[in-house]
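Visitor: Please show me the protein, and then let us discuss it residue by residue.

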Amino acid sequence: MRKMILQCSALALGLWAANLMAAVSPQEAAKLGTSLTPVGAEKAGNADGSIPAWTGGIPKNAGAVDSKGFLADPFANEKPLFIITAATVDKYKDKLSDGQVAMFKRYPDSYRIPVYPTHRSVGLPPEIYESAKRSALSVTTTNDGNGLANFTGNRYYAFPIPKNGIEVLWNHLTRYHGGNQKRIVTQVTPQTNGSYTSIRFEEEVAAPQLIPDLDPAKAANVQNFFKQSVTAPARLAGNVLLVHETLDQVKEPRSAWIYNAGQRRVRRAPQVAYDGPGTAADGLRTSDNFDMFSGAPDRYDWKLVGKKEMYIPYNSYKLDSPSLKYDDIVKAGHINQDLTRYELHRVWEVVGTVKPNQRHIYATRHMYIDEDSWQVALVDHYDGRGQLWRVAEGHAQYYYDHQVPAYTLEALYDLNAGRYLALGMKNEEKHSLEFGFAAKAADYTPAALRASGVR
């Protein structure tokens with residue numbers, strides 16, 4: 001009995017120590033804001049100066065904001081340093097993902113990557129930096145990395161000084177979105193000839209700590225509340241999705257409900273998770289492709305490869321211009337690459353491999369995550385045969401007026417089908433993103449869905 005007690009004590013101490021190691025020492029946390037940025041990126045530039053030092057991001061008045069909330073491009077006068085084409089791609093392969101290289105082979109006549117000067121534009125509000133510092137000192141992983149302990153209050157950037165792959169991924173999942181946010185966006189899934197039907201979504205995401213009347217006990221394991229209403233085309237209009245996104249989805253799976261306007265019924269939607277089909281995506285994305293990666297990470301082992309310099313989509317203000325029509329962006333095979341902007345940035349490289357006892361249509365996900373924003377910038381998806389299948393690019397911009405990094409457009413290219421999905425366009429809408437709206441707990445209940453979906 002004494003031996004058993006000692007073994008159990010040793011096991012408990014080992015588990016406690018493993019969790020404790022996830023939080024960094026005060027000495028290491030002191031690097032935040034000194035040698036590291038307040039959220040953990042390298043403050044210094046690279047050796048040849050092609051990546052400059054971080055100096056706080058661009059100011060809140062970096063450009064004009066029009067009456068619709070669209071931002072002026074603070075770098076509009078810049079020209080590409082060079083343009084990578086199928087003829088020159090081999091010269092730059094060391095700074096491209098395998099998926100980007102494959103896109104040149106799939107579309108040699110039209111796919112190109114215009115590379116511009118690098119700007120480390122992302123800066124965040126002081127209270128977000130304070131949250132990251134608290135996280136560094138206190139947050140640990142639980143449940144084999146699938147949950148977080150001591151992640152309370154204003155909860156952002158769980159591991160600004162990460163030690164492994166799952167901690168890097170958690171920074172993407174817990175990054176700052178600008179508080180409660182609303183947006184009206186368009187999704188397209190073009191045919192191989194470029195023809196498409198626009199799917200229009202009204203979406204909102206609310207953080208539990210920003211819902212004053214929410215019962216704290218009910219929000220303890222909730223990361224956010226998400227509601228998505230389809231408003232076009234007519235055959236889909238009125239359908240509404242509600243998601244309660246939990247932090248530890250092994251302990252408490254994501255809760256989702258769908259209001260079907262045709263049936264006028266609210267139903268549970270357990271398929272809105274993992275590789276379940278994305279909303280109106282014509283089979284071209286999974287549920288966890290949303291936001292480049294979202295949801296539970298538990299089906300994968302996440303290996304941290306390290307950091308490297310890569311050409312990633314960045315400062316995509318041109319792509320968000322309200323002077324553009326969706327027809328200007330949506331082309332056969334891929335979006336109009338003449339409207340894109342890529343820059344050289346340091347990224348965290350993480351590889352997710354499906355665990356032996358789990359299943360997912362993507363056997364491997366090779367991710368590249370921007371060090372300044374912690375947003376996933378590129379993902380190469382491989383099937384069960386080890387074949388490169390889908391290539392994701394997150395075209396990002398920094399909403400300098402609100403100090404929020406976000407996606408302008410998420411593109412997911414299916415190399416086999418010759419088709420793709422583009423999500424997030426709002427060029428033709430009456431307004432841009434709306435930050436800081438007042439949320440009420442009653443708005444995110446299944447009972448509220450039917451009222452949201454009346455058409």
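**Asparagine 143 and its surroundings**

Visitor: Which residues is asparagine 143 in contact with, leaving aside its neighbours within four places in sequence?

Guide: Contact here means heavy atoms within 4.5 Å. This is a predicted model, in which local features need pLDDT of at least 70, side-chain atom pairs count only at pLDDT 80 or more, and totals for chains, interfaces and linings use all residues. Residues are numbered from 1 along each chain as its sequence is written, and side-chain values use heavy atoms, with hydrogens and water left out. With neighbours within four places in sequence set aside, the contacts of asparagine 143 are Asp248, Val250 and Lys251.

Visitor: What is the length of the polar contact that joins the side chains of asparagine 143 and aspartate 248?

Guide: A polar contact is a pair of N or O atoms within 3.5 Å; within protein, one must be able to donate a hydrogen and the other to accept it, and residues adjacent in sequence count only if both atoms are side-chain atoms. The side chains of asparagine 143 and aspartate 248 are joined by such a contact, at 3.2 Å.

Visitor: Where does asparagine 143 lie, and why does it count as partly exposed?

Guide: Helices (H or I, at least four residues) and strands (E, at least two) are DSSP runs, numbered from the N terminus. Asparagine 143 lies in the loop between β3 (140-142) and β4 (147-149). Buried means under 20% relative accessible area, exposed over 50%, and partly exposed in between, with a 1.4 Å probe and protein chains only. Asparagine 143 counts as partly exposed because its relative accessibility is 37%.

Visitor: Is glutamate 371 buried or exposed?

Guide: Glutamate 371 is found in the loop between β13 (364-370) and β14 (376-382). Its relative accessible area is 1%, so glutamate 371 is buried.

Visitor: Which side chain is joined to that of glutamate 371 by a polar contact of 2.8 Å?

Guide: Not counting residues up to four places away in sequence, glutamate 371 touches several residues, including Ala41, Lys307 and Trp348. A polar atom of its side chain lies 3.1 Å from the backbone nitrogen of glutamate 42. The side chain at 2.8 Å is that of arginine 346.

Visitor: Which residues does alanine 44 contact, leaving aside its neighbours within four places in sequence?

Guide: Alanine 44 is in the loop between α2 (26-29) and β1 (82-84). Its relative accessible area is 45%, so alanine 44 is partly exposed. Apart from neighbours within four places in sequence, its contacts are Pro52, Ala53, Arg120 and Arg346.

**Backbone features**

Visitor: Which peptide bond is cis, with omega near 5°?

Guide: Proline 233 is found in the loop between β7 (222-232) and β8 (240-246). The cis bond runs from alanine 232 to proline 233.

Visitor: What is the phi of tyrosine 157?

Guide: Tyrosine 157 lies in the loop between β4 and α5 (165-173). It is buried, because its relative accessible area is 0%. Tyrosine 157 is a residue other than glycine with a positive phi, near 50°.

Visitor: What is the phi of methionine 292?

Guide: Methionine 292 lies in the loop between β10 (265-268) and β11 (300-313). Its relative accessible area is 3%, so methionine 292 is buried. Although methionine 292 is not a glycine, its phi is positive, at about 70°.
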